[in-house]
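Hi there,

Here is the structure I promised to pass on to you.

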Amino acid sequence: WKLGDRISPLGVKGTKLISDIIAEAHVPACEKEHVLVLHDDAHIHWCVGLKIGSKAIASDSSQQILRCSVTFPESQE
């Protein structure tokens, strides 16, 4: 993600900055740059582990569905 990137979170009117979502989740400063997002050419659909975008939800008219998951390795510490 880049500074200024936005997502339309599920259950929220309008959009939110990815940086605000990260701050509200109390992600440590040293980990902020490692937060992943899933996007297409037009929208951010998922701030991995933090928020899902409203445009990512399938509807009755959906013709194709892509299921995504991310697995993080366990810490070696």
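**Strand pairs and a surface patch**

His39 stands opposite Ile44 in β4. Please keep in mind that this is a predicted model.

β3 covers residues 37–39 and β4 covers residues 44–47; the two pair in the antiparallel sense, over three bridges. A hairpin of four residues links β3 to β4.

Now follow the chain onward. β4 also pairs with β5 (residues 51–52), again antiparallel, and here there are two bridges. Cys47 has Lys51 in β5 as its bridge partner.

Next, the surface. Which residues form the nonpolar patch there? They are Leu10, Ile52 and Ile57, and together they have about 250 Å² of accessible area. Ile52 belongs to strand β5, while Leu10 lies in the loop between β1 (6–7) and β2 (16–17).

Are these two buried or partly exposed? Ile52 has a relative accessible area of 36%, so it counts as partly exposed. Leu10 is also partly exposed, because its relative accessibility is 47%.

Apart from its neighbours within four places in sequence, Leu10 is in contact with Ile52, Gly53, Ser54 and Ile57. The C-alpha atoms of Leu10 and Cys47 are separated by 11 Å, although these residues are 37 places apart along the chain.

Enjoy exploring!

Definitions and conventions
Residues numbered from 1 in each chain as written. Predicted model: local features only at pLDDT ≥ 70, side-chain atom pairs only at ≥ 80, totals over all residues. Heavy atoms only, no water. Pairing = 2+ DSSP bridges. Patch = residues over 30% accessible without salt bridge, like charges linked within 9 Å, V, L, I, M, F, W, Y side chains within 5 Å. Areas by Shrake-Rupley, 256 points an atom, 1.4 Å probe, with all protein chains shown as cover. Salt bridge = Lys/Arg side-chain N within 4 Å of Asp/Glu carboxyl O. Buried < 20%, exposed > 50% of the residue type's maximum accessible area, 1.4 Å probe, protein only. Contact = heavy atoms within 4.5 Å.
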